[in-house]
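Subject: Structure handover

Hello,

Please find the structure below. My notes on it come after the coordinates.

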Amino acid sequence: MKEVSYDELHENKEIVESTKNGWIGYTDHYWQVAIFPDTNESFKARFKTLNDRRNSIQIDFINDNVKSVEPNSNLVTKSYVFAGAKEVPLIDNYIKELNVNKLDLSVDFGWFYFLTKPLFYALNFLSTKFQNFGIGIIILTIFIRIILFPLANKSFKSMNSMRILTPEIQRVRERYKDDRQKMNQEMFALYREKKINPAAGCLPILIQIPIFFALYKVLFVSIEMRHAPFFGWIKDLSAPDPTSLFNLFGLIPWDPPLFLTIGIWPLLMGLTMYLQQKINPPPPDPIQAKIFMMLPFIFTFLLATFPSGMVVYWTVNNVLSIGQQYILLKKQKKE
């Protein structure tokens with residue numbers, strides 16, 4: 001798919017592309033107008049600025065192949081116009097029925113398209129089943145945790161071993177504090193002896209990053225999520241949590257600026273992230289430890305402006321991680 005910006009079109013005045021089995025149109029966040037011919041033959045699709053009309057753009061196409069009409073005969077051509085909401089199942093149905101190539105790319109599912117679209121269908125199915133997108137998000141989060149369970153278990157096992165080993169690590173650091181090279185050698189020897197990989201704790205986070213962005217895209221671009229309510233004060237899961245700590249969650253009649261809108265769900269997310277960090281072993285470097293301790297507060301401010309459905313996912317994911325890690329730590333301490 002080739003996307004053309006308004007600035008690019010304003011600069012070039014006209015952009016023409018030749019293609020087969022394609023479409024051309026305008027799209028925005030939730031809506032689109034697209035045109036395409038009912039043929040597999042090549043055609044020229046064009047964007048053109050209209051000089052006689054301010055801020056106006058013409059979109060059209062013309063078939064490449066010239067056809068002659070014989071005397072006493074007919075020539076029939078057929079084309080389609082799609083105008084409306086970018087509902088993924090509807091667009092997929094048109095792709096199947098009309099064989100329109102890649103019309104589904106009009107929904108901006110981003111770089112992780114291969115992950116985002118299956119996530120959308122899974123979430124859409126669960127939400128339809130339980131008549132609530134918020135419940136659908138929670139159940140989808142549990143399914144994702146189950147799929148990642150073996151990997152997370154291995155990671156948590158390594159992190160918990162690091163926590164149990166912390167007193168020995170501190171002794172090595174104290175003994176060789178004046179010789180950093182020797183200290184690193186001794187610490188790596190200790191990790192090797194105990195069969196611990198200190199970097200293993202990062203693996204679930206690295207795997208969750210594409211899932212996080214894919215789910216963010218699903219919540220952000222899907223019209224199905226628009227105005228989808230959860231429970232209580234959450235009336236739209238595609239919008240940020242409307243409550244704010246700085247007006248005592250609506251008790252004070254004042255609307256704080258956007259950067260101070262820290263709702264109940266972002267606070268719950270920050271709290272669960274803090275608790276998760278307390279269970280995890282602290283980084284050996286004191287400066288790193290301080291940076292890690294600040295992360296829950298940074299993420300609370302950052303995710304406060306994200307769709308509330310995203311914050312629900314992150315909070316539930318944290319709670320499940322804390323439960324899994326606590327049970328595993330208890331078991332390892334016994335061992």
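The notes go from overall figures to aromatic rings and then to backbone angles.

This is a predicted model, in which local features need pLDDT of at least 70 and side-chain atom pairs count only at pLDDT 80 or more, while totals for chains, interfaces and linings use all residues. Residues are numbered from 1 along each chain as its sequence is written, and side-chain values use heavy atoms, with hydrogens and water left out.

Overall figures

The protein has 11 helices and six strands; these are DSSP runs numbered from the N terminus (helices H or I, at least four residues; strands E, at least two). Its radius of gyration is 27 Å, whereas a compact globule of 335 residues would have one near 20 Å. That radius is taken over C-alpha atoms, and the globule rule is 2.2 Å times the number of residues to the power 0.38. The C-alpha trace spans about 100 × 55 × 45 Å along its principal axes.

Of the 335 residues, 41% are buried (buried is under 20% relative accessible area, exposed over 50%, partly exposed in between, with a 1.4 Å probe and protein chains only). Among contacts with a separation of 6 or more, 63% join residues 24 or more positions apart, a contact being heavy atoms within 4.5 Å.

Aromatic rings

The whole structure holds 10 aromatic pairs. Rings of Phe, Tyr and Trp (its six-membered ring) pair if their centres lie within 6.5 Å; planes under 30 degrees apart count as stacked, over 60 as edge-to-face and the rest as tilted. F109 and Y113 make a tilted pair, at 6.2 Å centre to centre and 55 degrees between the planes. F109 is buried, at 2% relative accessible area, and Y113 is partly exposed, at 25%. F112 and F114 pair edge-to-face, because their planes stand at 65 degrees, with the ring centres 6.4 Å apart. F112 is partly exposed at 27%, while F114 is exposed at 61%. One aromatic cluster is formed by F109, Y113, F120 and Y121.

Backbone angles

Which residue in the loop between β5 (57-63) and β6 (79-85) is of note here? N72 lies there, and its phi is near 60 degrees, a positive value in a residue other than glycine. N72 is exposed, with 86% relative accessible area. N99 also has a phi near 60 degrees, again positive in a residue other than glycine. N99 sits in the loop between α2 (88-98) and α3 (113-130) and is partly exposed, at 44% relative accessibility.

Regards
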